[in-house]
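User: I have a model open and want a quick tour. Can you walk me through the main features?

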Amino acid sequence: MPSMQMPSVWIVDDDEDDQLIICSAFQEESPPIKVLSLKDGEELLSRLAECGELPLLILLDINMPRKDGFEALRDLRSVAAYAELPVVMLTTSSEANDIQRCTSLGANYFLTKPLTYERLREMVQALRENWELI
């Protein structure tokens, strides 16, 4: 019997604690969502180039070493195959200029990381519904 492919969300964030908490919130939902954690924009672009199936959604942090979220988003949108890939910026920033910059670079949405796990679970549920990850 073939195994069903679960939807995939890629989290690009250099903070391992944030990766684990966000991943946990996605996997507590029913059905659980397969999550891949990456540490920066360079790793994101490298993995996209070699993957067989594109993710349904990318959650991209802004502040990361090597290639930050702004650079990764710009590079992502410059590749035709990734131009329509849904990208939600998920960061600690709530600065208007960061939101504007992300929007101008092609982000689909901008979210500030929730301060509590309960709010994170609510955010994950909204992402599931809005991006049809159910």
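Analyst: R66 counts as exposed, at 52% relative accessibility. Exposed means over 50% relative accessible area, buried under 20%, and partly exposed in between, with a 1.4 Å probe and protein chains only. Before we go on, this is a predicted model: local features need pLDDT of at least 70, side-chain atom pairs count only at pLDDT 80 or more, and totals for chains, interfaces and linings use all residues. Residues are numbered from 1 along each chain as its sequence is written, and side-chain values use heavy atoms, with hydrogens and water left out.

User: Where is the place of R66?

Analyst: R66 sits in the loop between strand 3 and helix 3. Helices (H or I, at least four residues) and strands (E, at least two) are DSSP runs, numbered from the N terminus. The phi of R66 is near 60°, a positive value in a residue other than glycine. Most residues other than glycine have a negative phi, and most peptide bonds are trans.

User: And E132, what is its phi near?

Analyst: Phi of E132 is near 50°, again positive in a residue other than glycine. E132 lies in the segment after helix 5. E132 counts as exposed because its relative accessibility is 69%.

User: Which peptide bond is cis?

Analyst: The bond from S30 to P31, with omega near -5°. P31 is in the loop between helix 1 and strand 2.

User: Switching to helix 2. Which residues there are buried?

Analyst: Helix 2 covers residues 41-50, and G41, E43, L44, L45 and L48 are buried in it. These buried residues pack against strand 1 (8-12), strand 2 (34-38), strand 3 (57-60) and helix 3 (69-77).

User: What caps the N-terminal end of helix 2?

Analyst: D40 does. A side-chain oxygen of D40 lies 3.0 Å from the backbone nitrogen of E42.

User: Now the largest nonpolar core. Which residues touch the most other members?

Analyst: L44, L48, I58, L60, L76 and M89, out of 21 residues in that core. A nonpolar core is a set of buried Ala, Val, Leu, Ile, Met, Phe, Trp, Tyr and Cys residues joined through side-chain atoms within 4.5 Å. Strand 1, helix 2, strand 3, helix 3 and strand 4 (87-91) each give two or more residues to this core. Helix 3 gives the most, with four. A second, separate core has 18 residues, including I33, L57, L59 and V88.

User: What is I58 in contact with?

Analyst: Leaving aside neighbours within four places in sequence, I58 contacts W10, V12, L44, L48, L76, L85, P86, V87 and V88. Contact means heavy atoms within 4.5 Å.

User: Is S93 buried or exposed?

Analyst: Buried, because the relative accessible area of S93 is 9%. S93 is in the loop between strand 4 and helix 4 (96-105). Not counting residues up to four places away in sequence, S93 touches D98, F110 and T112.

User: Last topic, the largest pocket. Which residues line it?

Analyst: The lining is D18, I21, I22, L90, T92, K113, P114, L115, T116, Y117 and L120. Helix 1 (16-28) and helix 5 (117-130) are the elements that give two or more residues to the lining. Helix 1 gives the most, with three. On a 1 Å grid over the protein atoms alone, a pocket is an open set of points where a 1.4 Å probe fits, with protein on both sides within 12 Å along at least five of seven lines; lining residues have an atom within 4 Å of a point.

User: How many lining residues are nonpolar?

Analyst: Seven are nonpolar, two polar and two charged. Ala, Val, Leu, Ile, Met, Phe, Trp, Tyr, Cys and Pro count as nonpolar, Asp, Glu, Lys and Arg as charged, and the others, Gly among them, as polar.

Note on methods
A polar contact is a pair of N or O atoms within 3.5 Å; within protein, one must be able to donate a hydrogen and the other to accept it, and residues adjacent in sequence count only if both atoms are side-chain atoms.
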